[in-house]
Amino acid sequence: MSKKKMQFEVQENESIDACLERMKKQGYIPVRRTEKPIFMEVINGKETTYEPVGRQIVFEAVSNK
């Protein structure tokens, strides 16, 4: 019996707890959490720098059914 995997992303204006509750209602249990930084390109004259402006949180989950 294989377990069905799915990824859940924490949406903008959604808390982590709300995302976990949404997963639970759909019948999934989180097994891994990953965070990816979001950068913005800033150009000052001839120099280009990248500044962090946010993060993307994704949960990998398996079905508990």
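I looked up Lys5 and found it exposed, at a relative accessible area of 59%; exposed means over 50%, buried under 20% and partly exposed in between, with a 1.4 Å probe and protein chains only. Before going on, I note that this is a predicted model, in which local features need pLDDT of at least 70 and side-chain atom pairs count only at pLDDT 80 or more, while totals for chains, interfaces and linings use all residues. Residues are numbered from 1 along each chain as its sequence is written, and side-chain values use heavy atoms, with hydrogens and water left out.

Next I followed the partner of Lys5. Glu60 forms a salt bridge with Lys5, the closest N and O atoms being 3.9 Å apart; the term stands for a side-chain nitrogen of Lys or Arg within 4 Å of a carboxyl oxygen of Asp or Glu. Because Glu60 lies in strand β3 and Lys5 in strand β1, the pair ties together parts that are 55 residues apart in sequence; strands are DSSP runs of E, at least two residues long, numbered from the N terminus. Glu60 itself counts as buried, at 18% relative accessibility.

I then turned to the sheet. Its 3 strands are ordered β1-β3-β2, with antiparallel pairing, and the sheet is open; two strands pair if DSSP finds at least two bridges between them. β1 (5-9) and β2 stand at the edges with a single partner strand each, so one side of each has no neighbour in the sheet. Between β2 and strand β3 (residues 47-63) I noted 16 bridges, and Gly54 in β3 is the bridge partner of Ile38.

Which residues join Glu35 in one network of salt bridges? Glu35 meets Arg33 at 2.5 Å, N to O, and meets Arg55 at 3.2 Å. Glu35 is in strand β2 and Arg55 in strand β3, 20 residues apart. Through shared partners, Arg33, Glu35 and Arg55 form one network. Arg55 is exposed at 53%, whereas Arg33 is partly exposed at 39%.

Last, I checked a nonpolar surface patch of about 260 Å², made by Ile38, Met40 and Val53. Such patches take residues with over 30% relative accessible area and no salt bridge, joining nonpolar side chains (Val, Leu, Ile, Met, Phe, Trp, Tyr) within 5 Å and like charges within 9 Å. Val53 is exposed at 52%, and Met40 is partly exposed at 42%. Val53 touches Ile38, Phe39 and Met40, leaving aside residues up to four places away in sequence; contact means heavy atoms within 4.5 Å.

Technical notes. Accessible areas come from the Shrake-Rupley method with a 1.4 Å probe; for residues, only the protein chains shown count as cover. Helices (H or I, at least four residues) and strands (E, at least two) are DSSP runs, numbered from the N terminus.
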